Amino acid sequence: MWLFLSFIASVLQTFRNSFQRALMASAGTWAATWVRFAFGVPISLVVMLALMAITHHPLYALRLDFVIIASIGALAQVLATAALMKAMQASSFALGATLQHSSLLITALFGVVFLGDHLQSLQWFGFVLASFGMILSSWPKGQVERANLKKTI
């Protein structure tokens, strides 16, 4: 079941990213970035309230350290989304999507280096295979000219 849901989520995420890229042409980077979070916050609140009603758990008291860390994470997410939108505008949609999905490998490396996670050989193989697939899917068609590459960088 999780494989099917992951596939559907990936397809929907690609549609969302392409919609945001198209929106950027008329509304700009920050408006296209805002759209993602403007729709996500109310949906998240509804889901949270529904879960609280189903499980009968009260809203937990939030400590200041949690609010600060969550706020930093939220700001980082907004800035990363804006960077993704700019990457898609400056280059190709495939390159932007590849950069976005490289978070899988980056998160695994972060967990190993900073959190002491221990990954098995099959997990590393999956990360390498997924990364290789992302690189292949974003590889430019035809010859890449140095002049165009310098403009992008």
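Phe15 lies in helix α1, which covers residues 2-27, where helices are DSSP runs of H or I of at least four residues, numbered from the N terminus. The model is a predicted one, in which local features need pLDDT of at least 70 and side-chain atom pairs count only at pLDDT 80 or more, while totals for chains, interfaces and linings use all residues. Residues are numbered from 1 along each chain as its sequence is written, and side-chain values use heavy atoms, with hydrogens and water left out.

**Helix α1 and its surface**

- Phe15 is exposed, with a relative accessible area of 54%; buried means under 20% relative accessible area, exposed over 50%, and partly exposed in between, with a 1.4 Å probe and protein chains only.
- Together with Phe4, Leu5, Ile8 and Leu12, Phe15 forms a nonpolar patch on the surface, with about 520 Å² of accessible area together.
- Such patches are made of residues with over 30% relative accessible area and no salt bridge, nonpolar side chains (Val, Leu, Ile, Met, Phe, Trp, Tyr) being joined within 5 Å and like charges within 9 Å.
- Gln20 is also placed in helix α1, but at 1% relative accessibility Gln20 counts as buried.
- Gln20 touches Ala32, Thr33, Arg36, Thr81 and Met85, not counting residues up to four places away in sequence, where contact means heavy atoms within 4.5 Å.
- Gln20 and Arg36 are 16 residues apart in sequence, and their C-alpha atoms are 8.1 Å apart in space.

**Helix α2**

- The 27 residues of helix α2 (residues 29-55) should span 39 Å at 1.5 Å a residue, and the end C-alpha atoms are 39 Å apart, which agrees; the expected span is 1.5 Å times one less than the number of residues.
- The buried residues of α2 are Thr29, Ala32, Thr33, Arg36, Phe37 and Met52.
- After α2 comes His56, whose phi is positive, near 60°.

**Side-chain pairs**

- A search of the whole structure finds 1 salt bridge, meaning a side-chain nitrogen of Lys or Arg within 4 Å of a carboxyl oxygen of Asp or Glu.
- Arg63 forms a salt bridge with Asp65, with the closest N and O atoms 2.7 Å apart; Arg63 is exposed at 58% relative accessible area, whereas Asp65 is partly exposed at 36%.
- The structure holds 1 aromatic pair, and Phe110 and Phe114 form a tilted aromatic pair, 4.9 Å centre to centre with 40° between the planes.
- Rings of Phe, Tyr and Trp (its six-membered ring) pair if their centres lie within 6.5 Å, with planes under 30 degrees apart counted as stacked, over 60 as edge-to-face and the rest as tilted.
- Phe110 and Phe114 both lie in helix α5 (residues 103-115), 4 residues apart, about one turn of the helix.

Terms used:
Areas by Shrake-Rupley, 256 points an atom, 1.4 Å probe, with all protein chains shown as cover. Helix = DSSP H or I, 4+ residues; strand = E, 2+ residues; numbered from the N terminus.
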